[in-house]
Amino acid sequence: MKVQGQCHCGAIAFEADVEPGSMTVCHCTDCQTHSGSAFRANISAPAASFRLLKGEPRTYVKTAASGNQRVLAFCAHCGSPLYACATQEPTAYSLRIGTLRQRHELGPPQRQIWAQRRLAWVALPPDVEAFEGQP
Ligand SMILES: [Zn+2]
Ligand SMILES: [Zn+2]
């Protein structure tokens, strides 16, 4: 399914192909901090399908506790988080659900990861598979 995304101020716009029903919710501490929220919801798009339509995101390279590095892309003007990808030759972009125009059509999430860090009041449907850490 083709999706269109943009940041809050509209400086950056993109499109990509995603599989509805393949969303992941991440409860890890990094996602809570970087999103400024209780958790982050992502959907993966093949890199070949991703096209920047407008603007150039700013990037921040995050080093996880495992040493794994990820590029986090965001709008330098309004700060909206846009996607994450590998530092070298990414094969996929992890799109932030809240930036996608079709976000209402993509859920519910297929799985939740880092479930042990989930805030106690966050309740997802019971059939959303939960993983401790990154499967
Ligand atoms: Zn913006
Ligand atoms: Zn996370």
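Colour by secondary structure first: the chain has one helix and 11 strands. This is a predicted model.

**Whole chain**

The C-alpha atoms fill a box of roughly 40 × 35 × 25 Å. The radius of gyration is 14 Å, which agrees with the value near 14 Å that a compact globule of 135 residues would have. Of the 135 residues, 33% count as buried. Taking contacts between residues at least 6 apart in sequence, 54% join residues at least 24 apart.

**The open sheet**

Select β1, β2 and β5. These three strands form an open sheet in the order β1-β2-β5, with antiparallel pairing. β1 (2-6) and β5 (51-54) are the edge strands; each has a single partner strand, so one side of each lacks a neighbour in the sheet. From one strand to the next, the twist averages 25 degrees.

Which residue of β2 is the bridge partner of Val-3? Ala-16 is that partner.

**The nonpolar core**

Keep Ala-16 selected, as Ala-16 also belongs to the largest nonpolar core. That core has 29 residues, and those touching the most other members are Ala-16, Val-18, Cys-26, Ile-43, Leu-82, Tyr-83 and Leu-95. Two or more core residues come from each of β2 (13-17), β3 (24-26), β4 (40-46), β7 (69-74), β8 (81-86) and β9 (92-96). The biggest contribution is from β8, which gives four residues. As background, nonpolar side chains in soluble globular proteins tend to be buried together.

Centre on Ile-43 next. Apart from neighbours within four places in sequence, Ile-43 is in contact with Val-18, Ser-22, Met-23, Leu-95, Ile-97 and Leu-106.

**Arg-96**

Finish with Arg-96, in strand β9. Is this arginine, Arg-96, buried or exposed? Arg-96 is buried, because 25 other C-beta atoms lie within 10 Å, against a cut-off of 20 or more. Leaving out neighbours within four places in sequence, the contacts of Arg-96 are Arg-40, Asn-42, Pro-81, Leu-82 and Tyr-83. Draw a distance from Arg-96 to Asn-42: C-alpha to C-alpha the two are 4.8 Å apart in space, and 54 residues apart in sequence.

Note on methods. Residues numbered from 1 in each chain as written. Chains lettered and ligands numbered in written order. Predicted model: local features only at pLDDT ≥ 70, side-chain atom pairs only at ≥ 80, totals over all residues. Core = buried A, V, L, I, M, F, W, Y, C linked by C-beta atoms within 7 Å. Buried ≥ 20, exposed ≤ 12 C-beta atoms within 10 Å, placed from the backbone. Contact = placed C-beta atoms within 7 Å. Rg over C-alpha atoms; globule rule 2.2 N^0.38 Å. Pairing = 2+ DSSP bridges. Axes fitted to C-alpha atoms, helices over the stretch in contact; angles between N-to-C directions.
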